[in-house]
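Colleague: I am new to this structure. Could you show me how to read it?

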Amino acid sequence: MRMKAAIMFEQGRPRPYAESRPLVVEEVELDPPGPGEVLIEIAAAGLCHSDLSGIEGIRPRPVPIVIGHEGAGVVRELGEGVTDLKPGDHVVTVFVTSCGHCRYCVRGRPNICPSGFAARSAGTLVSGAKRIRRLNGEAVNHGSGLSLFAQYAVVSRRAAVKIDPDIPLEDAAIFGCAVMTGAGAVLNTAGLQAGDAVAVVGLGGVGMNALFAAVAGGAERIVAVDANPEKLGLARQWGATDTFLATEPDCAEQVRDATDGGLDTVIETAGTIKAMELAQAITARGGSTVSAGLPASDARFSYLHAQLVSDEKSILGSYMGSCVPERDIPRFLRMYKRGKLPVGRLRSGFLPLEEINAAFDRLAEGGVLRQILRPNG
Ligand SMILES: NC(=O)c1ccc[n+]([C@@H]2O[C@H](COP(=O)([O-])OP(=O)(O)OC[C@H]3O[C@@H](n4cnc5c(N)ncnc54)[C@H](O)[C@@H]3O)[C@@H](O)[C@H]2O)c1
Ligand SMILES: [Zn+2]
Ligand SMILES: [Zn+2]
């Protein structure tokens with residue numbers, strides 16, 4: 001079928017993107033779903049900082065590619081062998097397609113399944129297929145096994161989680177990345193318990209979901225840190241007990257002074273080495289730094305080895321919030337229905353495909369939380 005998609009032909013174009021146009025909206029051909037795949041009409045797709053990192057070129061992607069890895073839509077067609085979904089079902093997409101039987105999947109860690117990572121590097125779906133072609137016949141790569149900055153997507157059945165049809169799809173979309181990543185970092189990776197004290201460093205779409213989850217999980221003290229004062233104001237409204245400006249040279253000292261030596265759990269959701277260093281510095285002795293931010297692929301974080309040992313600090317990576325999507329998307333949606341994950345507050349407006357470059361300028365400027373693409377109007 002014919003559809004419109006935003007194709008990235010080259011990484012690293014300069015800002016402003018509204019002028020350099022790293023994403024080009026084109027008519028393309030989308031092949032029908034193969035065995036074990038489904039065709040989804042994309043209702044809503046969120047713009048995540050990981051997409052921006054791809055555009056900036058600090059995280060390599062195979063080009064030409066259609067990126068976009070956070071979304072929700074309606075199933076329109078089933079590939080051979082898919083019997084547990086039907087046309088009309090509403091789904092949230094999952095940006096790591098898991099195999100279900102490798103050593104990681106069987107331990108309940110499908111978020112680090114190698115098959116999903118291999119497909120991502122190859123620019124394919126997990127089946128190995130590429131389903132998008134330019135009108136000149138050139139194959140286009142898939143981003144995260146999904147390619148959601150388009151009107152439709154063919155994805156693996158395993159990359160879609162069915163949801164209740166009464167959930168607005170523009171809210172559901174955010175569960176595909178920001179909620180799983182932010183709430184999952186707090187509730188899964190860190191294993192927050194009621195009464196814990198927690199800090200969140202980096203208050204974007206991901207970090208704000210970490211904040212919501214900390215509030216919902218009964219954290220007694222919630223320290224919010226960002227480089228942007230406006231985000232600190234929002235964090236206070238939404239349940240942070242203390243806020244600190246990351247750009248203050250003595251920020252770490254201020255947090256340590258206010259918290260009797262730091263926090264037991266610190267969630268890093270900014271994606272820079274500076275933020276990671278700050279997160280580590282405000283982690284108390286014996287505490288854990290949980291890092292969900294994704295800096296440049298070759299960026300290295302260093303620490304004083306002896307201090308790591310003598311302070312007994314832990315550093316934990318958190319990919320897709322250590323989520324089992326079939327378990328956690330419905331769980332987080334139940335919390336949302338009870339008002340505990342109010343993702344609607346994060347929506348910084350809707351946009352059509354044609355405005356996607358300008359929207360990435362706004363994300364790079366740091367003033368927005370989640371902008372929602374509606375590729376079908
Ligand atoms: N681990 C995962 O599975 C996963 C999934 C999605 C996104 N990510 C990554 O998470 C990060 C956040 O994504 P997002 O979409 O919320 O981004 P965003 O741009 O909406 O938010 C980032 C926030 O960090 C703040 N920040 C920047 N430097 C800082 C510093 N030194 N100290 C404190 N705050 C600082 C910014 O002001 C901004 O508010 C990105 O690196 C993204 O690539 C990881
Ligand atoms: Zn993301
Ligand atoms: Zn697996």
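Modeller: We will go through the ligand site, a strand pair and some backbone features. Keep in mind that this is a predicted model.

Colleague: Let us begin with ligand 1. How many residues surround ligand 1, and which are the closest?

Modeller: The shell holds 29 residues. H49, S50, D226, M320 and R370 are the closest. By class, 15 are nonpolar, 11 are polar and three are charged.

Colleague: Which helices and domains supply the shell around ligand 1?

Modeller: Helices α2 (49–56), α4 (169–189) and α5 (205–216) each give at least two residues. Domain 1 (2–178 + 322–373) and domain 2 (191–317) each give at least three.

Colleague: Now strands. Why is β11 said to be largely enclosed by the rest of the structure?

Modeller: Buried means under 20% relative accessible area. Strand β11 spans residues 197–201, and four of its five residues are buried, so the rest of the structure largely encloses it.

Colleague: How many bridges join β11 to β12, and what is the bridge partner of V200?

Modeller: Five bridges link β11 to β12 (residues 221–226), and the two strands run parallel. V200 is partnered by A224 in β12.

Colleague: Which peptide bonds are cis?

Modeller: Read omega. The bond from R15 to P16 is cis, with omega near 5 degrees. P16 sits in the loop between β1 (2–8) and α1. The bond from V63 to P64 is also cis, with omega near -5 degrees. P64 is in the loop between α2 and β4 (65–66).

Colleague: What about phi? Is S147 buried or exposed?

Modeller: S147 is not a glycine, yet its phi is positive, about 70 degrees. Its loop runs between β8 (139–142) and β9 (152–156). S147 counts as buried because its relative accessibility is 1%. S322 also has a positive phi, near 50 degrees. S322 lies in the loop between β16 (314–317) and α10 (325–337). At 21% relative accessibility, S322 counts as partly exposed.

Methods
Residues numbered from 1 in each chain as written. Chains lettered and ligands numbered in written order. Predicted model: local features only at pLDDT ≥ 70, side-chain atom pairs only at ≥ 80, totals over all residues. Heavy atoms only, no water. Near = heavy atom within 4 Å. Nonpolar A, V, L, I, M, F, W, Y, C, P; charged D, E, K, R; others polar. Domains from an automatic or database assignment. Buried < 20%, exposed > 50% of the residue type's maximum accessible area, 1.4 Å probe, protein only. Pairing = 2+ DSSP bridges.
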